[in-house]
Amino acid sequence: MNDFLNYTFWGNAVKSWLMAAGCILILFALIRRCKNIGLKKVQAIASRTTSNFDDLLVTVLEKTVVPLAYLLSVYTGVKILNTTAQTDKIINGAAMVVITWAVLRLITSMVGFSFRRYMLRQPGETREKQGRGILMIFNLLIWIVGFVFLIDNFGYNITTIITGL
């Protein structure tokens with residue numbers, strides 16, 4: 001049995017692969033438990049209030065935070081393994097892209113919620129159409145800033161790109 005656990009597969013002993021898989025499974029179980037208990041409690045509280053903000057919070061938790069937690073648990077499990085510098089760079093880059101995407105999605109959700117709430121106070125159909133256009137521009141700007149942030153974190157010199165604009 002000890003020989004089997006020490007058998008090397010893709011640069012890692014079977015023991016390391018089992019630890020990584022165990023870590024991922026334990027984190028998945030914890031996330032699922034938190035989702036089933038914690039999210040249901042938050043949903044129950046949100047359903048009793050008249051505010052729309054808590055509904056937004058529940059939606060953001062379901063659609064952004066929970067998937068991000070699952071992906072980060074896989075990232076944590078994979079980081080247990082010994083990988084080459086190239087593979088490590090790819091894994092870190094993928095994690096950076098996923099985290100940036102989640103943060104940008106969170107920001108655009110909050111901006112969209114706030115802007116739509118403001119626009120509800122404004123009368124008229126023309127205001128609604130203008131509001132959608134302005135919100136689209138805000139979202140575009142947020143995603144552009146996020147993309148520039150991501151390029152900067154990948155090590156590219158964005159000063160020349162921004163100066164060229």
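**Notes on a nonpolar patch, a pocket and an aromatic pair**

1. A nonpolar surface patch is formed by Ile134, Ile137, Phe138, Leu140, Leu141 and Ile144, together exposing about 560 Å² of accessible area (Shrake-Rupley, 1.4 Å probe). Patch members have over 30% relative accessible area and no salt bridge, with nonpolar side chains joined within 5 Å; a salt bridge is a Lys or Arg side-chain nitrogen within 4 Å of an Asp or Glu carboxyl oxygen. One of these residues, Ile137, sits in helix H5 (helices are DSSP H or I runs of at least four residues).

2. A friendly reminder: this is a predicted model, in which local features need pLDDT of at least 70 and side-chain atom pairs 80 or more, while totals for chains, interfaces and linings use all residues. Residues are numbered from 1 along each chain, and side-chain values use heavy atoms, without hydrogens or water.

3. The largest pocket holds about 210 Å³ of space (1 Å grid, 1.4 Å probe, protein on both sides within 12 Å along at least five of seven lines, lining atoms within 4 Å of a point). Eleven residues line this pocket, and Arg116, Met119, Leu120, Glu128 and Arg132 are the closest to its centre.

4. Helices H4 (85–120) and H5 (125–153) each give that lining at least two residues, with H5 providing the largest share, five. By type, the lining has four nonpolar, three polar and four charged residues.

5. There are two aromatic pairs (ring centres within 6.5 Å; planes under 30 degrees apart stacked, over 60 edge-to-face, the rest tilted). Phe28 and Tyr70 make an edge-to-face pair, 4.9 Å centre to centre with 80 degrees between the planes. Because Phe28 belongs to H2 (residues 14–48) and Tyr70 to H3 (residues 53–79), this pair ties together parts 42 residues apart in sequence.

Terms used: Points joined across faces, edges and corners; volume = space filled by probe spheres on them. Nonpolar A, V, L, I, M, F, W, Y, C, P; charged D, E, K, R; others polar. Patch = residues over 30% accessible without salt bridge, like charges linked within 9 Å, V, L, I, M, F, W, Y side chains within 5 Å. Phe/Tyr/Trp six-rings, centres within 6.5 Å; stacked < 30°, edge-to-face > 60°.
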